[in-house]
Amino acid sequence: MDNRKKRRILLTVVISCLAFLLSAAQPVVKTIVDKDEILIGQQFTVKVQADFSGDDYYIKWISIPDSIQHFELVEKSKIDSVFTHQKLSGLSQTFALTSFDSGKWIFPSFNINFSPVKDDTTLNIFTDSLPIMVSYSVADTTSTLKDIKVIREVEVFNPLWYWV
């Protein structure tokens, strides 16, 4: 190998390592939903996790209102702190929601604001928007034929004796 090829390989390795270190320092936001199909009034949970270095960032956490279009907030947990080696390394919070509108709706994304301690550039990272299917009833997956039920006579009740 000549010197030019060696320099290119070394430069590529150095740039790759620097890119990895810079990307590892960036905050990461994850959004996890337990169900993407619910019945009307049934609850589902959304968990939001943010992994970041507490020494490098101040954070403005999300605030989900009680009512969002097509969704109602039932309950929200306290914000949970994650510590690694005695240092803040992340936050997480769980939200319980429900919907009373049938259809396929998109649970919106929310902004988490990361302000670096040493820099003026703030990072606005959004949670994922989540599709949620809300239906009236569960579809019958057995595909079996069912008999027609017999007509039953309705008992007539006269409330006159009740009042006498």
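**View 1. Overall layout of the predicted protein model.** Residues 24 or more positions apart account for 63% of the contacts in the protein with a separation of 6 or more, where a contact means heavy atoms within 4.5 Å. This is a predicted model, in which local features need pLDDT of at least 70 and side-chain atom pairs count only at pLDDT 80 or more, while totals for chains, interfaces and linings use all residues. Residues are numbered from 1 along each chain as its sequence is written, and side-chain values use heavy atoms, with hydrogens and water left out. The protein has two helices and twelve strands, these being DSSP runs numbered from the N terminus, with helices (H or I) of at least four residues and strands (E) of at least two. Along the sequence their order is α-β-β-β-β-β-β-β-β-β-β-β-β-α. The accessible surface of the protein comes to about 13,000 Å², and 57% of it belongs to carbon and sulfur atoms, as computed by the Shrake-Rupley method with a 1.4 Å probe, where for residues only the protein chains shown count as cover. Of the 164 residues in the protein, 21% are buried; buried means under 20% relative accessible area, exposed means over 50%, and partly exposed lies in between (1.4 Å probe, protein chains only).

**View 2. The largest nonpolar core.** A nonpolar core is a set of buried Ala, Val, Leu, Ile, Met, Phe, Trp, Tyr and Cys residues joined through side-chain atoms within 4.5 Å. The largest one here has 24 residues, and those with the most contacts inside it are V48, I62, L97 and F107. At least two residues of this core come from each of β3 (43-51), β6 (71-76), β8 (87-98), β10 (111-116) and β12 (130-135), and the largest share, four residues, is supplied by β3. In soluble globular proteins, nonpolar side chains tend to be buried together. Leaving aside residues up to four places away in sequence, F107 touches V46, I64, I68, F71, L97, D128, S129, L130 and I132.

View 3. Rings of Phe, Tyr and Trp (its six-membered ring) pair if their centres lie within 6.5 Å, and planes under 30 degrees apart count as stacked, over 60 as edge-to-face and the rest as tilted. By this rule the count comes to five aromatic pairs. One of them joins F44 and F71 in an edge-to-face arrangement, 5.8 Å centre to centre with 75° between the planes. Because F44 lies in strand β3 and F71 in strand β6, this pair ties together parts that are 27 residues apart in sequence. F44 counts as buried, at 1% relative accessibility, and F71 counts as buried at 0%. F71 also forms an edge-to-face pair with F107, at 5.6 Å centre to centre and 80° between the planes, and this pair links distant parts of the chain, with F71 in strand β6 and F107 in strand β9, 36 residues apart. Ring pairs link F44, F71, F107 and F110 into a cluster.

View 4. S92 lies in strand β8 and counts as buried because its relative accessibility is 10%. With residues up to four places away in sequence not counted, S92 touches K47, V48, Q49, W61, K78, I79 and D80. S77, by contrast, is found in the loop between β6 and β7 and counts as partly exposed at 31% relative accessibility. The contacts of S77, again not counting residues up to four places away in sequence, are with Q93 and T94. The C-alpha atoms of S77 and S92 are separated by 9.3 Å, and the two residues lie 15 residues apart along the chain.

**View 5. Two loop residues with positive phi.** Phi of H70 is near 75°, a positive value in a residue other than glycine. H70 lies in the loop between β5 (67-68) and β6, where it counts as partly exposed at 22% relative accessibility. Phi of Q86 is near 65°, likewise a positive value in a residue other than glycine. Q86 lies in the loop between β7 (80-84) and β8 and is exposed, with a relative accessible area of 80%.
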